[in-house]
Every structure is written in C-alpha cells, then in structure tokens.
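The structure comes first, then the points by topic.

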Amino acid sequence: NHPKDTDAWLLAMRLEYSGAEDPEKIVEYANHVLSYDPSNPAALLFLSFADYFSFGSSNDELYSKLLNAKSSDPEMLAMLEVAKAYYWEKRDLQKCIDALKKSIKYSPSQRINYCMLGQIYIRQKQDYKQILEGADLIKRGLGNVKKIAPGEETDLLYDPTSIADFFAEFF
C-alpha cells in the first residue's frame, strides 16, 4: 500500500537479515528504495552488506551507487566509507586503505574501520613497524566496541529490528 515508505522497506531489509537471511530480498528491497531515492545511505549500506557478505563483493556497479549517497551525519559517512572499502578490498587494496582512513577521519569511534585497516597492515607484512601499527589499530577498534552480541541466555536483550545495531555490527 505504501511503495515509498522508506522506513518500512529498511525494516523489511533488517528483518530479512534477522529471519530468513535472504540476501536476494535485501538486494531487491534496497534497489526498490534506491529507485525513488538513489542517495539513501541506509539502503546503500544494506546493498553493500548483501553484496560483500553474501555475494563476495561481485556487484561491479555498487561503487558508483555508493558515490550517490548523501548524509550530513559523520557516523553514516564513516559507514559509507567502510562500504566503499568492502567494494575495493579485492579490486584495489590502496583504494580500500584510503576509504578506511577516510572512514576513521569521519568517525574515530567506530570499530570496523580501525580493525579492517589494522588487519590489512598486518597481512601486508611490509615491515615490523607496520605490523605494530596494524595491531594498534585493531586495539583501538576493539576499544570502540559498544555492545557485545548476547548469548542464548540473554537473547531478550537483542533487538532484531534495530537498524542501528545492524549497522554497528557490520559497518
């Protein structure tokens, strides 16, 4: 009844992850939102999530879509840079690194940007100093953890409809 109810579509994407975890549906719903709002950052993050975690970063058109994202929120901008890093990770490692550095500039309080960059530095093993810097970045990222996913005994504390929690987990 409400084909342009963005909040409902975002919730549907979140529920697809929490329930059946149907990445094709997440892509379908994200593309629907982007059909009438091509700069919607949340829809672009869901699209990036599905592409990276379910399809091995295979969508060659994703980066150009990510460039359309609009937000004045530094936290959202940082997550969008992580989405760009996911895109570049297997295509151009330097662009991936640049996106992660930009993400950290937007928000030094997130986890993924630091940890992902630290892992890259350690994997590169160019020199001992870079390995130490990678370890330090990972420590800083882990210091930014705000919530740990609960175990079976505390499942009631986990909100499977929270879009903010979803983004905090993956971006």
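Helix 2 and helix 3 are roughly antiparallel to each other, a term for angles over 145 degrees. The model is predicted: local features need pLDDT of at least 70, side-chain atom pairs count only at pLDDT 80 or more, and totals for chains, interfaces and linings use all residues. Residues are numbered from 1 along each chain as its sequence is written, and side-chain values use heavy atoms, without hydrogens and water.

**Helix 2 and helix 3**
- Helix 2 (residues 23-36) packs on helix 3 (residues 41-55) at about 155°, and their axes are 9 Å apart.
- Axes are lines fitted to C-alpha atoms, for helices over the stretch in contact, and angles run from 0 to 180 degrees between N-to-C directions.
- Contact (heavy atoms within 4.5 Å) involves residues including Ile26, Val27 and Leu34 in helix 2, and Leu47, Phe49 and Phe55 in helix 3.

**Helix 3 and helix 5**
- Helix 3 and helix 5 (residues 74-88) pack at about 30°, with axes 10 Å apart.
- Helix 3 is therefore roughly parallel to helix 5, the term for angles under 35 degrees.
- Among the residues making this contact are Leu44, Leu45 and Tyr52 of helix 3 and Met76, Met79 and Tyr86 of helix 5.

**Ile97**
- Ile97 lies in helix 6 (residues 93-106) and is buried, with a relative accessible area of 4%; buried means under 20% (1.4 Å probe, protein chains only).
- Not counting residues up to four places away in sequence, Ile97 touches Leu117, Ile120, Tyr121 and Gln124.
- The C-alpha atoms of Ile97 and Leu117 are separated by 6.5 Å, with the two residues 20 apart along the chain.

Terms used. Helix = DSSP H or I, 4+ residues; strand = E, 2+ residues; numbered from the N terminus. Parallel < 35°, antiparallel > 145°, perpendicular 65-115°, else oblique. Buried < 20%, exposed > 50% of the residue type's maximum accessible area, 1.4 Å probe, protein only.
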